Structures are given as C-alpha cells and as structure tokens.
Amino acid sequence: MMIFLKIIGILFALIIVKIIFIAVFFHKEVQAARAKDPAAKGFFEIILLYQGLHALIYHRIAHFFYKIHFNFFARLISQFSRFITGIEIHPGAKIGEGFFIDHGMGVVIGETAIIGNNVLLYQGVTLGGTGIEKGKRHPTIGNNVVIGAGAKVLGNITVGDNSYVGANAVVIKDVPANSTVVGVPGRITKQEGKKIDISLDHIHVLDPIMQNIEELEERIKNMEKSN
Ligand SMILES: CC(C)(COP(=O)(O)OP(=O)(O)OC[C@H]1O[C@@H](n2cnc3c(N)ncnc32)[C@H](O)[C@@H]1OP(=O)(O)O)[C@@H](O)C(=O)NCCC(=O)NCCS
C-alpha cells in the first residue's frame with residue numbers, strides 16, 4: 001500500500017514539474033495553441049494532452065543535441081517523439097516561436113527546413129525534399145504561415161510571410177508573401193487580399209486536369225458559337 005502511494009506521489013510530482021516547465025519555457029506555444037485551436041478548452045488540457053506541443057518540446061531538446069553534434073542521441077529523441085506523438089521532426093529543422101501543430105498525426109518536417117514565428121501546421125503536412133539531393137533541400141516557411149491538412153511543400157522553396165497553403169496542396173515553387181495557394185500543383189488564388197487565378201508557373205508545371213477542363217471549355221464555347 002505504501003509503495004502504491006509513493007508511486008502515485010512521484011507521478012503527481014512529475015506532472016507538477018512538467019506543468020511548471022512548460023508554463024515557463026513554452027508559454028508562447030501554449031498561447032498559440034489557445035489562439036489557433038477553437039477546440040482548446042484550457043491551459044492544463046493543452047499542456048498535458050496536446051501532441052503538437054509535446055512534439056515541439058522533444059524537438060527543442062533534440063535540436064540542442066544536434067547542434068552539439070550528438071547526432072545519434074538527437075535522432076533517438078526525435079524517433080521517440082515520433083513514436084509517442086505521430087509527428088516526425090528531424091532534429092536539424094529550425095523552428096521559430098509560437099509554433100503550433102494541430103492534431104499532428106503524420107506531420108513530417110525535414111532536416112534543412114526552416115520555420116518562422118507563429119506558424120500553424122495541420123495533420124499530414126510534409127515539409128520535404130524532392131529527391132536525394134544534398135544541402136538545403138527542404139522549404140523555408142515565413143512568419144504567420146498556415147499550412148492546411150495533408151499539404152506537401154517540397155524542395156528548397158520559400159513560402160512568404162502571412163501566406164496560406166490549402167489543405168492537400170502540393171507546392172513545389174516559391175510562394176510570395178500574403179498569398180493563398182491551393183491545388184496540385186499549387187496555384188495562387190489570392191495575393192495581397194485580392195482574388196487572382198494564375199499558375200505558380202504555367203511554363204514548367206502543367207496540371208493535366210486543368211488542361212482537360214480548359215480544353216472542354218474551349219470546345220463548349222465553339223459548339224455554342226456554331227449553334
Ligand atoms: C485555402 C484556404 C486557406 C481558404 O482560403 P480562402 O482565401 O478563404 O479561399 P476561398 O475559400 O475563398 O477559396 C478560394 C478558391 O480556392 C478553392 N479552394 C479553397 N481551399 C481549397 C483547397 N484546399 N484545395 C483546392 N481548392 C481550394 C475554393 O473552392 C475557391 O475556388 P473558386 O475561386 O474557384 O470558387 C482553406 O480552404 C484551406 O484549405 N485551409 C486549410 C484548413 C485545414 O487544413 N483545416 C484542417 C482542420 S482539421
């Protein structure tokens with residue numbers, strides 16, 4: 001009975017230490033979770049139960065060991081975090097303040113990714129490379145960017161400040177600041193608050209579905225003219 005009470009006491013003390021640790025060192029991320037998740041009910045819920053926050057805490061520790069070249073240990077922490085949270089962040093990734101991953105499961109962030117301040121990612125986001133190239137091969141994400149569920153941002157590209165990447169988009173070209181990008185491949189639909197409809201790159205990136213739709217539209221117009 002005494003041993004049981006001691007174990008309960010130790011667990012309780014560990015939870016208190018965890019709450020104090022997170023409240024002191026991660027208050028910006030807790031605030032970000034409160035601000036960005038309408039479902040967040042309170043401080044203790046976020047600190048104890050939010051996997052996105054826990055993944056970031058593990059990452060900060062792993063990144064410290066990565067920087068002092070304890071690569072194996074850094075990777076061990078990162079893999080443990082992946083096992084616990086379902087979120088894989090390479091220890092080399094640089095992540096700013098106020099970062100929040102909502103839901104989290106399936107997020108992958110590559111080694112040379114750089115993420116600015118106040119960024120929000122949803123589940124299933126990949127910040128990845130496009131092949132087996134070396135060097136800086138993952139995206140740079142600006143401040144105040146939101147990346148929707150399932151979106152893939154690939155290669156050494158930049159997503160500018162205050163931009164939105166739509167759910168399930170595949171972005172392989174730079175995105176200017178203050179833009180919204182949707183679709184596969186990503187197309188800018190809004191810039192500086194104005195609705196627009198241009199491809200990120202009409203010359204090099206072809207979207208076969210859009211091409212088919214455009215062809216059909218052309219044929220319908222021609223049929224209408226000839227009637
Ligand atoms: C892209 C997004 C940010 C909306 O931006 P917005 O500026 O408000 O865009 P709108 O709703 O005005 O839509 C603009 C156009 O893009 C289209 N669109 C919006 N989101 C899209 C998406 N994810 N994929 C493809 N097209 C999309 C709209 O249908 C609309 O097309 P239209 O101009 O032909 O009618 C939002 O739709 C989105 O994908 N957010 C991610 C949210 C998310 O992942 N939530 C997960 C919660 S668990």
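Strands here are DSSP runs of E with at least two residues, and helices are runs of H or I with at least four, both numbered from the N terminus.

**View 1. The whole predicted model, to get our bearings**. The protein has 6 helices and 16 strands. Its C-alpha trace spans about 90 × 40 × 30 Å along the principal axes. The radius of gyration is 22 Å, whereas a compact globule of 227 residues would have one near 17 Å. Buried residues make up 32% of the 227.

**View 2. The shell around the ligand**. Here 13 residues surround the ligand, and the closest are Gly148, Ala149, Gly166, Ala167 and Val182. Sorted by class, the shell holds 5 nonpolar, 7 polar and 1 charged residues. Strands β14 (179-182) and β15 (187-191) each contribute at least two residues to the shell.

**View 3. Asn178, in the loop between β13 (170-171) and β14**. Most residues other than glycine have a negative phi. Asn178, which is not a glycine, has a positive phi, near 60°. With 17 other C-beta atoms within 10 Å, Asn178 is partly exposed.

**View 4. A cis peptide bond between Val184 and Pro185**. Most peptide bonds are trans. The bond joining Val184 and Pro185 is cis, with omega at about -10°. Look for Pro185 in the loop between β14 and β15.

**View 5. Glu192, in the loop between β15 and β16 (194-199)**. Glu192 is another non-glycine residue with a positive phi, about 50°. Glu192 counts as exposed because 10 other C-beta atoms lie within 10 Å, and the cut-off for exposed is 12 or fewer.

Definitions and conventions:
Residues are numbered from 1 along each chain as its sequence is written. This is a predicted model: local features need pLDDT of at least 70, side-chain atom pairs count only at pLDDT 80 or more; totals for chains, interfaces and linings use all residues. A residue is near a molecule or strand if its C-beta atom, placed from the backbone, lies within 6 Å of it. Ala, Val, Leu, Ile, Met, Phe, Trp, Tyr, Cys and Pro count as nonpolar, Asp, Glu, Lys and Arg as charged, and the others, Gly among them, as polar. The radius of gyration is taken over C-alpha atoms; the globule rule is 2.2 Å times the number of residues to the power 0.38. A residue is buried if 20 or more other C-beta atoms lie within 10 Å of its own, exposed if 12 or fewer, and partly exposed in between; C-beta atoms are placed from the backbone.
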